Amino acid sequence: MSLDLRERVRDVPDFPTEGIIFKDLMPLIADREYFADTIRQLADWARPREPDLVLGAEARGFIFGGALAYELGAGFIPARKPGKLPRETVEATYALEYGTDSLQVHRDAVAAGARVVVLDDVLATGGTARATVELVEKLGGIVVGVLFVIELTFLEGRERLAGYDFHSLIQY
Ligand code: AMP
């Protein structure tokens with residue numbers, strides 16, 4: 001039986017800016033039973049898609065992505081803020097629920113035809129996920145799934161991922 005992951009998600013009003021209700025997953029990550037159950041649920045969905053790689057965006061995508069990749073026996077690729085990766089990169093810029101941002105991955109991170117699951121902690125407007133999906137495809141990878149712990153359904157980020165195999169563990 002799965003745990004109710006909502007019990008370890010905290011709402012933080014007006015963070016990082018006024019009007020945003022930030023979904024804080026740190027209590028979930030800090031709880032060994034809830035963290036393990038989260039990774040198990042993510043892996044149950046991802047495993048049949050037979051990914052070679054999991055791609056996670058800085059920074060919370062690293063926490064879930066590294067654990068998920070290990071659980072699946074897949075490799076992990078970090079998508080990082082500009083200037084952090086040491087070798088040649090490709091970049092995507094996108095609008096956030098609050099502000100804009102860019103992400104980079106190493107140009108040689110995805111072998112042509114590699115099967116990739118894109119993962120993030122929260123799906124808000126879908127800008128981040130859309131940008132990461134485009135980076136994978138630019139490098140010749142196949143996006144076999146797009147996966148989130150939390151989906152903020154009222155922001156309709158799902159629409160920006162139309163056509164992709166998509167899943168979220170909890171919805172608000
Ligand atoms: P978006 O590109 O709008 O889908 O935003 C997704 C990224 O911003 C994710 O990496 C989230 O970690 C973060 N994010 C956006 N809105 C929230 C929120 N309300 N609570 C927590 N994280 C958020």
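## Terms and basis

A salt bridge is a side-chain nitrogen of Lys or Arg within 4 Å of a carboxyl oxygen of Asp or Glu.

The model is predicted: local features need pLDDT of at least 70, side-chain atom pairs count only at pLDDT 80 or more, and totals for chains, interfaces and linings use all residues. Residues are numbered from 1 along each chain as its sequence is written, and side-chain values use heavy atoms, with hydrogens and water left out.

The whole structure contains 14 salt bridges. One of them joins aspartate 4 to arginine 6, with an N to O distance of 3.6 Å. Aspartate 4 is partly exposed at 36%, and arginine 6 is likewise partly exposed at 37%.

Arginine 8 pairs with aspartate 31 at 3.0 Å, N to O. This pair links distant parts of the chain, 23 residues apart: arginine 8 lies in the segment before β1 (10-13), and aspartate 31 in the loop between α1 (26-30) and α2 (32-46). Helices (H or I, at least four residues) and strands (E, at least two) are DSSP runs, numbered from the N terminus. Arginine 8 is partly exposed at 24%, whereas aspartate 31 is buried at 18%.

Within helix α2, arginine 40 and aspartate 44 are 4 residues apart, so about one helical turn separates them. Their side chains form a salt bridge of 3.0 Å, N to O. Arginine 40 is partly exposed at 31%, as is aspartate 44 at 39%.

Both residues belong to a network of salt bridges that links Asp37, Arg40, Asp44, Arg47 and Glu71.

Conventions: Buried means under 20% relative accessible area, exposed over 50%, partly exposed in between (1.4 Å probe, protein chains only).
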